[in-house]
2 protein chains.
Amino acid sequence: MSTADDDRARVSETNSSFYRAFESGDMDALRAIWEQSDRVACTHPGAPTVLGWDAVGASWELLLEAPVRPQFILTEEVVQVVGDVAWVTVVENMLVEGGSGAATAVNWFVRNGERWQMVGHHGASITRPVIG
Amino acid sequence: MSTADDDRARVSETNSSFYRAFESGDMDALRAIWEQSDRVACTHPGAPTVLGWDAVGASWELLLEAPVRPQFILTEEVVQVVGDVAWVTVVENMLVEGGSGAATAVNWFVRNGERWQMVGHHGASITRPVIG
């Protein structure tokens, strides 16, 4: 693989691990995936953006307390890498008891030494099929 | 200003110009702000993500055809720059005839020579006050 392909593969793997951590309610895994810094930002669908790891981490602690978490099927993933930053656009197809739904997300990452860490997540429910 | 402050100021100005172009229905301005490339991504609130300038530009052409466009008051803007990439989180407070609303957005940019160009926009309506 070229270096660029390798970067994209690593970012994709980190992105997937984020959803696996959510599915399995693994707060320690989420903590390792996210950068523990003031520059991180997270927007859960419909909610205001929370800024900085203290607030972002607290939002995940709350989310993981839910009795039922969704299962994710990720589609339309596109990874872009520019230097030490990467962004991933993806469709989050969610399977939950009693229903299902889909959301668009952009997740972004920075390279910290050998690994990529999440510095942002912005999710939005898909509620309409077309633009305009 | 330090170079970092200068970068943040330029990104902030580009971000503001994006909303001014939307307000004034200026497609030529939007075309100059967005990178004309396959790696751009745009998610209008509630809609699926569109990828690549051909699709992203077409979505803006449609949006600008609307008889009434919102006015934007931007709040809680935070700009982060890492190398040749920047991201901006911002609350889009929208004033429209017959109502108003607010959305969260993340906009991201790459440095192309002397200027910063938009490569991504992900917007989501704010529909709930808290996470959980």
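Colleague: What makes Glu76(B) count as exposed?

Modeller: The model is a predicted one. In it, Glu76(B) has a relative accessibility of 58%. Exposed means over 50%, so Glu76(B) counts as exposed. The residue belongs to strand E3 (residues 71-82) of chain B.

Colleague: Which residues is Glu76(B) in contact with, leaving aside its neighbours within four places in sequence?

Modeller: They are Thr89(B), Val90(B) and Val91(B). Along the chain, Glu76(B) and Thr89(B) are 13 residues apart, and their C-alpha atoms are separated by 7.5 Å.

Colleague: Why is Gln117(A) called buried?

Modeller: Its relative accessible area is 9%. The limit for buried is under 20%, so Gln117(A) is buried. This residue is placed in strand E6 (residues 115-125) of chain A.

Colleague: What does the side chain of Gln117(A) reach?

Modeller: It reaches the backbone oxygen of Ala32(A), at 3.2 Å. A polar contact requires N or O atoms within 3.5 Å, and the distance of 3.2 Å meets that limit. Beyond four places in sequence, the residues in contact with Gln117(A) include Ala32(A), Ile33(A), Trp34(A) and Glu35(A). Trp108(A), Phe109(A), Val110(A) and Asn112(A) are in contact with Gln117(A) as well.

Colleague: What makes the aromatic pair of Phe18(A) and Trp34(A) edge-to-face?

Modeller: The angle between the planes is 75 degrees, and the rings lie 6.5 Å centre to centre. Edge-to-face asks for over 60 degrees, with centres within 6.5 Å; the pair is accordingly edge-to-face. Phe18(A) lies in helix H1 (residues 3-24) of chain A and Trp34(A) in the loop between helix H2 (27-33) and strand E1 (41-43), so the pair ties together parts that are 16 residues apart in sequence. Phe18(A) and Trp34(A) are both buried.

Colleague: How do you know that the pair of Phe22(B) and Trp60(B) is edge-to-face?

Modeller: Their ring planes stand at 85 degrees with the centres 5.0 Å apart, so the pair is edge-to-face. Phe22(B) is in helix H1 (residues 3-24) of chain B and Trp60(B) in helix H3 of chain B, so parts 38 residues apart in sequence are tied together. Both Phe22(B) and Trp60(B) are buried.

Colleague: Which residues form one aromatic cluster with Phe18(A) and Trp34(A)?

Modeller: The cluster also holds Tyr19(A), Phe22(A), Trp53(A), Trp60(A) and Phe72(A). Over all chains, the search finds 16 aromatic pairs.

Colleague: What makes Arg8(A) and Asp5(A) a salt bridge?

Modeller: Their side chains meet at 2.7 Å, N to O. Arg8(A) and Asp5(A) are three residues apart in helix H1 of chain A, so about one helical turn separates them.

Colleague: Why are Arg8(A) and Asp5(A) called partly exposed?

Modeller: Arg8(A) has 33% relative accessibility, and Asp5(A) has a relative accessible area of 34%.

Colleague: Which parts of the chain does the pair of Asp84(B) and Arg111(B) tie together?

Modeller: The side chains of Asp84(B) and Arg111(B) meet in a salt bridge of 2.7 Å, N to O. Asp84(B) lies in the loop between E3 and E4 of chain B and Arg111(B) in strand E5, so the pair ties together parts that are 27 residues apart in sequence. Asp84(B) is partly exposed at 40%, as is Arg111(B) at 29%.

Colleague: How many salt bridges does the rule find across the interface of chain B and chain A?

Modeller: It finds zero there, whereas the count over all chains comes to 16. Nine residue pairs are in polar contact across the interface. On the side of chain B that touches chain A, the residues divide into 20 nonpolar, 13 polar and two charged.

Colleague: How much area do chain B and chain A bury between them?

Modeller: They bury about 3000 Å², with 71% of it on carbon and sulfur atoms. In the contact, 35 residues of chain B meet 35 residues of chain A.

Note on methods: Residues are numbered from 1 along each chain as its sequence is written. Chains are lettered from A and ligands numbered from 1 in the order in which they are written. This is a predicted model: local features need pLDDT of at least 70, side-chain atom pairs count only at pLDDT 80 or more; totals for chains, interfaces and linings use all residues. Side-chain values use heavy atoms; hydrogens and water are left out. Helices (H or I, at least four residues) and strands (E, at least two) are DSSP runs, numbered from the N terminus. Buried means under 20% relative accessible area, exposed over 50%, partly exposed in between (1.4 Å probe, protein chains only). Contact means heavy atoms within 4.5 Å. Buried area is the accessible area (1.4 Å probe) that two parts lose on being put together, summed over both. A salt bridge is a side-chain nitrogen of Lys or Arg within 4 Å of a carboxyl oxygen of Asp or Glu. A polar contact is a pair of N or O atoms within 3.5 Å; within protein, one must be able to donate a hydrogen and the other to accept it, and residues adjacent in sequence count only if both atoms are side-chain atoms. Ala, Val, Leu, Ile, Met, Phe, Trp, Tyr, Cys and Pro count as nonpolar, Asp, Glu, Lys and Arg as charged, and the others, Gly among them, as polar. Rings of Phe, Tyr and Trp (its six-membered ring) pair if their centres lie within 6.5 Å; planes under 30 degrees apart count as stacked, over 60 as edge-to-face and the rest as tilted.
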